[in-house]
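Open your viewer and bring up the cartoon view.

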Amino acid sequence: METTPTLTDAPEVPVVLAIAGHDPSGGAGIHADIEAIVSQGVHPATAITALTVQDTVNVHGFVASDPKLVIDQALAVLKDMPVGAIKIGMLGTVELVEAVATVLARYPDIPVVLDPVLVAGGGGSLAENAVAAAIVEHLFPRATIVTPNAHEARVLAPDAADREQRGQMLSALGAEYVLLKGGDEPGEKVENWLYGVEPPRRFVYERLAGQFHGSGCTLSSAIAGLIAQGSDPINAIHEGLEYTHQTLMHAAAIGRGQLIPHRLFWADDEGGADMNDEPPGSSRVH
């Protein structure tokens, strides 16, 4: 006689809460977060911080969500689900930064991956001028990992003279780890530097042709998903970088501008990588 499954029989699936803006092109923002989180075998829950007008070329404007609405969205998830990690992307206003900080204060034991989104890949602004300072004050001390790109790192640490000093200065602001992404830096190779370990660790990748829309969202969300699965932060950073590099290798020219990472490349019928294989290029970690 067959029995009906009960809630106690259901498998436990890790959860990541992604707090970020909506990108109608699906290349970045909450769409990218969802795909990258799902790719780690994790359930994505979301709180939407803004509605943007953007495409694969650039961002053309945004309307920020009401801060109370963002708090209510996040708390509705956190009170209902066993969230294993929180990923923070675009916030846009100081009020939203402060609102998210109040949520994190209520759940201090949940790991936080902070992608301090300030400017879109095409150069358009996704934040008010004062947002960077607010992020440093309110979110860095609560973050497990912060993942700034070259532009964001310079804005967040304006007095630093070079990459090493930027890494050290940002690492001193309270986050457990700071990953300086090197995709926007010059050079034949892409060098990503992790601070919060001694000595700082370097992750080196071949530079791929083209520009990409949503690579930062992909990386930070993948890291959050891996942490929710139980990975330690350093291993999650390594595996997240490997996964993101694969999404860029399989990126598609869907729009008229930047390439969109193929975050579900592993599901392709032909040519997809086996996600159970050993991560490619793990010897690239130095």
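Start with everything displayed: the protein has 8 helices and 9 strands. Keep in mind that this is a predicted model. Colour by burial next, and 50% of the 286 residues come up as buried. If you draw contacts between residues at least 6 apart in sequence, 69% of them join residues at least 24 apart.

Now select residues 233-249, which form helix α8. How far apart are its end C-alpha atoms? They are 24 Å apart, and that agrees with the 24 Å that 17 residues should span at 1.5 Å a residue. Keep the burial colouring on: with under 20% relative accessible area counted as buried, 14 of the 17 residues of α8 are buried, so the helix is largely enclosed by the rest of the structure.

One of its side-chain oxygens reaches to within 3.1 Å of the backbone nitrogen of Ile-234.

Turn the view to see the handedness: α7 passes α8 in a right-handed crossing.

Finish by showing side chains where the two helices meet. On the α7 side, look for Ser-215, Thr-218, Leu-219, Ala-222, Ile-223, Leu-226 and Ile-227. Their partners in α8 include Pro-233, Ala-236, Ile-237, Gly-240, Tyr-243, Thr-244 and Leu-248.

How values were computed. Residues are numbered from 1 along each chain as its sequence is written. This is a predicted model: local features need pLDDT of at least 70, side-chain atom pairs count only at pLDDT 80 or more; totals for chains, interfaces and linings use all residues. Side-chain values use heavy atoms; hydrogens and water are left out. Helices (H or I, at least four residues) and strands (E, at least two) are DSSP runs, numbered from the N terminus. The expected span of a helix is 1.5 Å times one less than its number of residues. Buried means under 20% relative accessible area, exposed over 50%, partly exposed in between (1.4 Å probe, protein chains only). A polar contact is a pair of N or O atoms within 3.5 Å; within protein, one must be able to donate a hydrogen and the other to accept it, and residues adjacent in sequence count only if both atoms are side-chain atoms. A crossing is left-handed if the near helix is turned anticlockwise from the far one by less than a right angle, and right-handed if clockwise. Contact means heavy atoms within 4.5 Å.
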